[in-house]
Amino acid sequence: MGTEPPKTMNATNCDGTPARGEEGTVPRLDDPVLPTRDFCLALVSGAGASVVCEIPSAAPHRFTVGKSPVCDLTLPDPAVSRRHIALEPRGGVLHLEDLGSTNGTFVNGVRVVEALLQGGETIRLGSTALRVEVGGKASAGPMSAALGFRRVIGASPQMRQLYPFCDKLARSSIPVIIEGETGTGKELLAESLHDHGPRAKGPFVVFDCTAVAPTLMESVLFGHERGAFTGADVARPGVFERAHGGTLFIDEIGDLEYSLQAKLLRAVERGEVRRVGATDYVKVDVRVICATRRDLEAAIQEHRFRDDLYHRLAVARIELPPLRNRTGDIELLADYFWGELGGGSMPPGFRERLRAHRWPGNVRELRNVVARTIALGDEEPMGEGAPENNDLPSLIAELTSRDVPFTKARDKIVDAFLREFVTQALARHGGNVTRASAAVGVSRRYFDRIRERTRKAT
């Protein structure tokens, strides 16, 4: 649910001068020609009234507002959620998204989940009111002219505005958290930051929290001594020791066992680890870059992630946009993958199909589609997790045309519907279960039950 801004907007600039938005329709968010516009928020009621915060058009992540100290604007309002809303300037408008807040977000008195703002609106969160103001005349901001950053490819404004920040990060050794949906290229960006910096000659070691059994996580992270547990026939270094002098990339940090998070915090803070079964600590010189598809703030609130570890890792944050928000990059990426994989001529109409797809699997899905088309021709469906629109009707037609028992046919159709419903809801909300369940009007517990049923049915 959302609300459109009025056709004519009367706004006020941050410097107090009047500003008028263009009359007519709202600009398209993916239009690469439209310049971006800086905005700011002014608190007009609630604690800290009269404070003004700038929302720059060129930023490495969305501007967040909430009660948490990690938000860009922290509100001491008990009715405000830890991470209440996210704001992002896109193509001359300000995109607002409610982050699954408890008490909701209201724009000009209307409750919204998402909204496009042009300046002059009032946002109410709890008992706090904020006025959206135009930050100045339209400008492109400090945007790179490059078509990519090392192995990360993208010429859309959403990507090019990240590259100057990536250059600065690459030259440093501070911890970084890269946020984004599955398939947006978080590991590629981590590799690029490593390759472009002073540690490029050192190792780049990957630790995937979803690929290691919980009982082995501590051993893989920190290493173990001979005889430390059954099967430990020889001593082995952990990923921290292996990454000494280089970079350790911890993928899906939100899935790390809670019991290990305190030990990881010590390793990052003090630069030392202790192997399982050892008594002494070993000094390590490692840069830590983490990635997550999860909402870590929600995990902190649910006591599944330590807030002190989050603050230590999130010295810098980058949020990679989903492919559906950078549609200008689809053909650029397709051409790159097509050439990389040795394809000939693209099939007629292939580009149009690519532009029409929503890409819930993001860049990874696009690469898989290109690879499959080169290998098998243009006969296969667009991609896994993105069934054709007629899949469910086809299943109904197939089941009703045969003597399938009613209960079995009904269950198959319901399972297919629930699977598609859950997949699309999660894709729209970046894999965030809390936001997806709130948006479709069910409790998180019931949404999890639906997900579990779809897993068993596949």
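Predicted model: local features only at pLDDT ≥ 70, side-chain atom pairs only at ≥ 80, totals over all residues.
**Exercise 1. At what angle do helix 13 (residues 406-428) and helix 14 (residues 433-440) pack, and how far apart are their axes?**

Residues are numbered from 1 along each chain as its sequence is written, and side-chain values use heavy atoms, with hydrogens and water left out.

Step 1. Helix 13 and helix 14 pack at about 115°, and their axes lie 8 Å apart; axes are lines fitted to C-alpha atoms, for helices over the stretch in contact, and angles run from 0 to 180 degrees between N-to-C directions. Helices (H or I, at least four residues) and strands (E, at least two) are DSSP runs, numbered from the N terminus.

Step 2. From helix 13 the contact draws on Phe421, Ala425, Leu426 and Arg428, and from helix 14 on Val433, Ala436 and Val440, where contact means heavy atoms within 4.5 Å. By class this gives 6 nonpolar, no polar and 1 charged residues (Ala, Val, Leu, Ile, Met, Phe, Trp, Tyr, Cys and Pro count as nonpolar, Asp, Glu, Lys and Arg as charged, and the others, Gly among them, as polar).

**Exercise 2. Describe how helix 9 (residues 330-340) packs against helix 11.**

Step 1. The packing angle of helix 9 and helix 11 is about 45°, with 9 Å between the axes, and the pair is therefore oblique.

Step 2. Helix 9 contributes Ile330, Leu333, Ala334, Phe337, Trp338 and Glu340, which meet Val363, Leu366, Arg367, Val370, Thr373 and Ile374 in helix 11. These residues divide into 9 nonpolar, 1 polar and 2 charged.

**Exercise 3. In what order do the 5 strands of the open sheet stand, and which strands are at its edges?**

Step 1. The order is 18-21-24-17-25, with parallel pairing; two strands pair if DSSP finds at least two bridges between them.

Step 2. Strand 18 (204-208) and strand 25 (316-319) are at the edges, and because each has a single partner strand, one side of each is left without a neighbour in the sheet. From one strand to the next the twist averages 20°.

Step 3. Within the sheet, strand 17 (residues 176-179) is joined to strand 24 (residues 287-292) by 4 bridges, and Ile178 stands opposite Ala291 in strand 24. Helix 2 (residues 163-170) lies across strand 17, strand 24 and strand 25, and runs at about 145° to strand 25.

**Exercise 4. Is Trp359 buried or exposed, and where is it found?**

Step 1. Trp359 is found in the loop between helix 10 (350-356) and helix 11 (362-376), and has a positive phi of about 55° although it is not a glycine.

Step 2. Its relative accessibility is 0%, so Trp359 counts as buried (buried means under 20% relative accessible area, exposed over 50%, partly exposed in between, with a 1.4 Å probe and protein chains only).

Step 3. For another non-glycine residue with a positive phi, take Asn108, at about 50°, in the loop between strand 10 (105-107) and strand 11 (110-112). Asn108 counts as partly exposed because its relative accessibility is 47%.

How values were computed: Parallel < 35°, antiparallel > 145°, perpendicular 65-115°, else oblique.
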